Amino acid sequence: MADCSAVTVGTARSLLVDFSVNDSRMAETSKENTFLGLTPDDVEDMLPRVETRVVLVGEAGNNAELVKALQAIKVMEVPVVKIKEGVTGSETGEKFQKSIVNMDINKPCIKTDNVREFGDGENAEFETVFVLTDFKSPDYDYLYKNDNRIVGPPVVLHCAAKEEPLPFFCRPLYSTTMLNLSLCFTGFRKKDEVVHLVNLVHHMGGAIRKDFSAKVTHLVAHSTHGEKFRLAVCMGTPILTPSWILKAWEHRDNINFHAGDESFRTEFKVPPFQDCVLSFLGFTEEDKANMEERTLKHGGHYLEVGNEKCTHMVVEENSIKELPFTPSKRLYIVKQEWFWGSIQMDARAGESMYSYEKPESPAAMKKTTSLLSLHTPNSNRKRRRLRDTLAQLTKETEISPFPPLKRPSAEHSLSMGSLLDISITPETCKTLGEMTKPPKSSTPALAKQSARWQVSKELYQTESNYVGILDTVLQLFKDPLEKEGQVGGPILAQEEIKTIFGSIPDIYEVHTRIKADLEELVMNWSEDKSVGNIILKYSKDLVKAYPPFVNFFEMSKETIVRCEKQKPRFHAFLKINQAKPECGRQTLVELLIRPVQRLPSVALLLNDIKKHTSEDNPDKITLEKAIESLKEVMTHINEDKRKTEGQKQIFDVVYEVDGCPANLLSSHRSLVHRVETIALGDKPCDRGEHVTLFLFNDCLEIARKRHKVISTFRSPLGQTRPPAQLKHIALMPLSQIRRVLDLQDTEECQNAFALVVRPPTEQGNLLFSFQLTAEDTQKAAWLKTLCRQVANTICRADAEDLIQCTDPDSLQVSTKDMDSTLSRASRAIKKTSKKVTRAFSLTKTPKRVFQRALMVGSTPDKSPGGLSSEHMTRAGSSSTLAVTHSPSMVNLPSLFERKYHTFSRSSTHLI
């Protein structure tokens, strides 16, 4: 050799062991001869005296299968050390290069019962491999002390089956059960236990590393504490119990078994809540029972809140504002996301990321409420303040259909966004207009916008909300489930993901384009703009996208329910994401039903736009075509989702409410809730009226109690139905409700709430206030249900943000004296006034009735009121009646007369 180096075989065995203490084999060295600078001819020339042989010890020699396998193995690995740049044996200047070369086996099968005649590990003339069946026998101890190569029968059988060389390992190797696995230990306190486990790992071909790094494939943990455990969780390294090693050793004779198979090691994963004692604060009894059950299932224990043995307290952060006690320093106070996140990852999550912090009190809300108090005796000033209050209450929840604009300077004219803000009152527009003086070409003020524009804007707002919810479904649920390299492996199979989400991406893509076109239309609005053309433009895309999802929606829902029950990680995944603000605390099933509900909602809005479109507008015909195009997809929705019981409830409402609009009957509509109330204001009916509210999934039917029942309904079959007890007042779409006000209970106001309503034909907000009368109706539950349906209608996820707790004094609402004698008398006088007014109808009441009314109380010699006979002859004219009061109406206190009297066209019955 040019460098005068020498090659030593066998005698450097102990040196090799020192260089690979933490490695099961010299994996960092090369098996290529070029590593030593040697060619195959050089190896033959320099290693002529090394004889390779395999010795079967004791029972191994009686195994015919083992003997046959050895005859099939022709090559074995031999360690080689090259010494360069120095004299052999000197302590200075030595450099070693380690490698493994493949050499032919000279003697493949030697049987013996006395290992001492072969067991001299210092003999450099031989490279011997001993095959033993028992690694606890005296023969094993003797061979191990003399640094001999020892393998088990499974290693020989494995190499024969794989046609591989007999491997070299610096430690005794019984099987390949843990081949290519690198393990690290944590949490052990008994040294003997660790030594025993380490030996078993080495015997199965595994490697042990003292420090945790990226090279570690598995962490064997005796507890869930420590830095190694945290690193393993962050890196997604499987964390297993010591039983995994012991059980793998039992399978050591199976050459087809490997301890790294996921199907095997899953049983030995360290449960997320091992060594944890949990307590739960702020959850409902149902949720608490569910979490306690899952705590036991995942290796933990639970105790009541405040127990000193608890290691963690899981807090429902949305309902708990104050902790009931001062926690100790060793107690982890975590959010519920930590609990579900640990189950999803199948490992205990870090507490620092989910630490519970006390929320700040909403001082700003209190300040706002105090500023809204009205104390001035001036009635005009009160009304103006009330109007501003309603505008401020709705301003926070209005969704502007335009992109955010920069704050305008004093010299800058009003932006379109500010002019079109629906919370701006006409007075505000007038004041701002005087300050800025926009040019004639600028966008007209809100007061001049048509009802057609108002509904078109609502169509865009709901479309924007709908696209946002579809984006939430994709970003929070679908994409994470499809992501590769998930901690703990895939949560769901690809088939299950496809079944659940179906064509949601296609629906999202279509509606994103519709939203962009609607935004362009509303931003550059004019009455000749066509809304129908936008729907027609994408009608074919809608027909392609919706049926696949709608037709298999029931299967999608069943898949979610089944996977949630059978797969704890998926259940935890849903719990984490459904608790996020983007979901509005809605379930995945509730979010996925939005596509089923969206097209009927669009059709209703298009009908409303058509209603406010003039006959000479070309968009009238286009809207009709657009509505017809939606029916193709809606047919699937209507047929698949029709529920007989729901339709029966709607028919019952129609029969119970006299004058109920026929369009209440719809296949997609369902009755959600019914409450009995008393009106507290003059809208939508007089104060003190008993009002029944029927909440449907997309509208609110308002009906009052009838003052007098007229007749009963008899069907053609002769069956008699009870007479209608209620009278229709209004059928209001839920999209017109801008805010739900939870009125605080005071001495003058009990169990009351209010609705801030904005019909498209009104320029200002209206306040409907009511008092719940039924004892079994919980106000909080009712308001939550109402807000949920409103949010579903306008495609918003933050239903709870629609509720605001407000001081009733700021809105001039009171329930005081509702049942007093004076209050009942005043309501009776109002009813009488209405009846008298309707009885004296101008259109159908004969003139002689008016003449008789005017003659009551007059003497024969003098006409009533000093009127001449000529004047009495013209008593039937509207001009005379306008200034003439009948005696019955004159006696009514003016305090309880209506400001305007509305005359009915019918005098055949009283309402």
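**Helices and a parallel sheet in a predicted model**

The secondary structure of this protein, a predicted model, comes to 32 helices and 26 strands.

Biologist: What share of the residues counts as buried?

Modeller: Of the 911 residues, 46% do. Buried here means under 20% relative accessible area.

Biologist: How do you know that the buried residues of α18 line one face?

Modeller: The buried residues are Ile504, Ile507, Val510, His511, Ile514, Leu518, Leu521 and Val522. Seen down the helix axis, they fall within an arc of 125°, so they line one face of α18. An α-helix has 3.6 residues a turn, so residues three or four places apart point the same way.

Biologist: Which helices do those buried residues pack against?

Modeller: The partners are α16 (451–482), α17 (494–501), α19 (532–537), α20 (539–551), α23 (588–592) and α24 (594–611).

Biologist: Why is α27 called mostly covered?

Modeller: Eleven of the 15 residues of α27 are buried, and the cut-off is under 20% relative accessible area. Among them are Trp782, Leu783, Leu786 and Cys787, and also Lys779 and Arg788.

Biologist: How do you know that the length of α27 agrees with its residue count?

Modeller: Helix α27 runs over residues 779–793, and at 1.5 Å a residue it should span 21 Å; its end C-alpha atoms are 21 Å apart, so the two agree. Just after α27, cysteine 795 takes a positive phi of about 60°.

Biologist: Turning to the sheet, what makes β13 and β15 its edge strands?

Modeller: The sheet is open, with four strands in the order β13-β12-β14-β15 and parallel pairing. Strands β13 (301–302) and β15 (332–335) each pair on one side only, and these are the edge strands.

Biologist: How do you know that β14 and β15 pair?

Modeller: Pairing needs at least two bridges, and four join β14 (residues 312–315) to β15, the two running parallel. Methionine 313 stands opposite isoleucine 333 in β15.

Biologist: Which helices lie on this sheet?

Modeller: Helix α11 (residues 336–345) packs on it, touching β12, β14 and β15, with its direction at about 80° to that of β15. Helix α10 (residues 285–297) lies across β12 (277–281), β13 and β14, and runs at about 170° to β12.

Conventions: Residues are numbered from 1 along each chain as its sequence is written. This is a predicted model: local features need pLDDT of at least 70, side-chain atom pairs count only at pLDDT 80 or more; totals for chains, interfaces and linings use all residues. Side-chain values use heavy atoms; hydrogens and water are left out. Buried means under 20% relative accessible area, exposed over 50%, partly exposed in between (1.4 Å probe, protein chains only). The arc is that of the directions from the helix axis to the C-beta atoms. Contact means heavy atoms within 4.5 Å. Axes are lines fitted to C-alpha atoms, for helices over the stretch in contact, and angles run from 0 to 180 degrees between N-to-C directions. The expected span of a helix is 1.5 Å times one less than its number of residues.
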